[in-house]
Amino acid sequence: MNLPDRFINRMNEYFSRLNVPAEEVEAFYSSFENKPLKGIRMNRLKVNRDSDESVLKALGENSVKPVQWCESGYYIDLEASGKDPYYHAGVYYPQEPSAMLPGQVLAAKPGDFVLDLCAAPGGKSCRIAEDLKGEGILVANEINEDRAKALLRNIERMGISNAVILNETPENIADKLPCFFDKVLVDAPCSGEGMFRRDFQAISSWDKFGPDSCIPIQQTILDSAYAVLKPGGELVYSTCTFCEGENEKGIADFLSRHPNMTIISHNNDINGVTHLGEESDAAGAMRVWPHLSEGDGHFCVHLRKIGTADGDREYTAPYVNRRKRNDNYSFGRSRDLLLEFYRSIVKKDYCAKYQKMIDGNLILHKDKIHILPVPEETFNGLKVVKLGLYPGEIKCTTTERIFTPSHSFILTISNSELKDEVKINFVRDDERVIRYLKGETVIVNREEFPLLMKKGYVVVSVDGFNLGLGKITADGSIKNLYPKAWRLI
């Protein structure tokens, strides 16, 4: 590979200053000739650790090789296809192994309020949501409108119920949500030197938009991240580049402006990466070097905002007590219809769980229902792409109101919670799985599914992982409700 001379000269200066042995320097440059590594991360909202090996085998992998710095990550030899049924069911997320590090370091906990400030396409956001386990809230932001759509698709595919997606500038979020988040992830736009061996166009992009154009943007984003972080909160900053100015020196500049930020070291609990010592401008930070670790390259640093949170979280507008809206017939009837649908598809033991989720969290926007664990007014003045869970909408006929469930809603419900009479579970190699994903009509028979209801909504799944909705008719055919935009072609 023909690496840019400017890149080589800068890296040589870096290695020389740190007295890196010549053979290690040569190994670094030689690593760019190696094939890029491939990986997937299991979705812990749907797959427990005991099932990881069976999923890998189903995907055609002959070995199980974990990623050292990610408890749900695995190296794979085959390409993780976006056409695979498991992909559509949100069983896994294809992710370069290095990129799995920041989410592991952030270590979100159930109940945290977390912001992913540069979120698309969503791999790190999805990992954060898995750690939240449906409690607290994830705000995933993407400034580019087209990339925000890709982020939405992945958030929905992975079955995440407590996410808000924004299409905003970091500065505007900082202005509207000061001191609001417990944890913030900044996977910053960078010069992408870690992408050189994965994407040959990355080199031409680097020639045009190198570190010098990225550093000011990174510092602005970091300042916004500081503003939205609560005292005592934690920030993880990462890049997929090797440039000191974007990494160690960039963090040193940030710390000089915000002396109440301190680095959290992970020397003893993150394996497989290079931990930076006292000689570094960011002692305690980490690097994934392509010649020392099994990854394409990453920088990651974990920081804490010193101080104690004072009082309640700040909201940008007065909180409207949603309970008052229960007096509104449209609101109350919409809530009842949603509960009726839950009761029609989930087992009795789980009904209380979903009623609790709805109570106090339901929002009605005209005919659209949302479930959001914080006041909707929190996001006033911000461009919202997704407002929490979107169960579906209310359609009015001349005689009644009808609840129509959304596709993304079904992906948030565990298959084990569903009543047997609404489940159609195909094995992976059943050709009807692909037919369903293509939007075609699927035929079932009573011998396969003796408990299946005669008419109404059914959930189609593969090996116990929900794929989406259908409507079964009296003759055993399924009216396919798989979204057109998601269908295989």
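Contact here means heavy atoms within 4.5 Å, and helices (H or I, at least four residues) and strands (E, at least two) are DSSP runs, numbered from the N terminus. This is a predicted model, where local features need pLDDT of at least 70, side-chain atom pairs count only at pLDDT 80 or more, and totals for chains, interfaces and linings use all residues. Residues are numbered from 1 along each chain as its sequence is written, and side-chain values use heavy atoms, with hydrogens and water left out.

**Two helix pairs**

Let's begin with H1 and H2. Phe7, Ile8, Met11, Asn12 and Phe15 of H1 meet Val25, Phe28 and Tyr29 of H2. These contact residues comprise seven nonpolar, one polar and no charged (Ala, Val, Leu, Ile, Met, Phe, Trp, Tyr, Cys and Pro count as nonpolar, Asp, Glu, Lys and Arg as charged, and the others, Gly among them, as polar).

Two packed helices are described by the angle between their axes and the distance between the axes. Axes are lines fitted to C-alpha atoms, for helices over the stretch in contact, and angles run from 0 to 180 degrees between N-to-C directions.

| Helix pair | Angle | Axis distance |
|---|---|---|
| H1 (residues 5-17) and H2 (residues 22-30) | about 150° | 11 Å |
| H10 (residues 211-228) and H11 (residues 248-257) | about 45° | 11 Å |

The angle of H10 with H11 makes this pair oblique, whereas H1 is roughly antiparallel to H2. Angles under 35 degrees count as roughly parallel, over 145 as roughly antiparallel, 65 to 115 as roughly perpendicular and the rest as oblique.

On the H10 side, Gln219, Leu222, Asp223 and Tyr226 make the contact, and on the H11 side Gly250, Ile251, Asp253, Phe254 and Arg257 do. By class, this contact has four nonpolar, two polar and three charged residues.

**Two backbone details**

Most residues other than glycine have a negative phi, and most peptide bonds are trans. Asparagine 19, in the loop between H1 and H2, has a positive phi of about 55° although it is not a glycine. The peptide bond from alanine 120 to proline 121 is cis, with omega near 5°. You can find proline 121 in the loop between strand S5 (113-116) and helix H6 (123-132).
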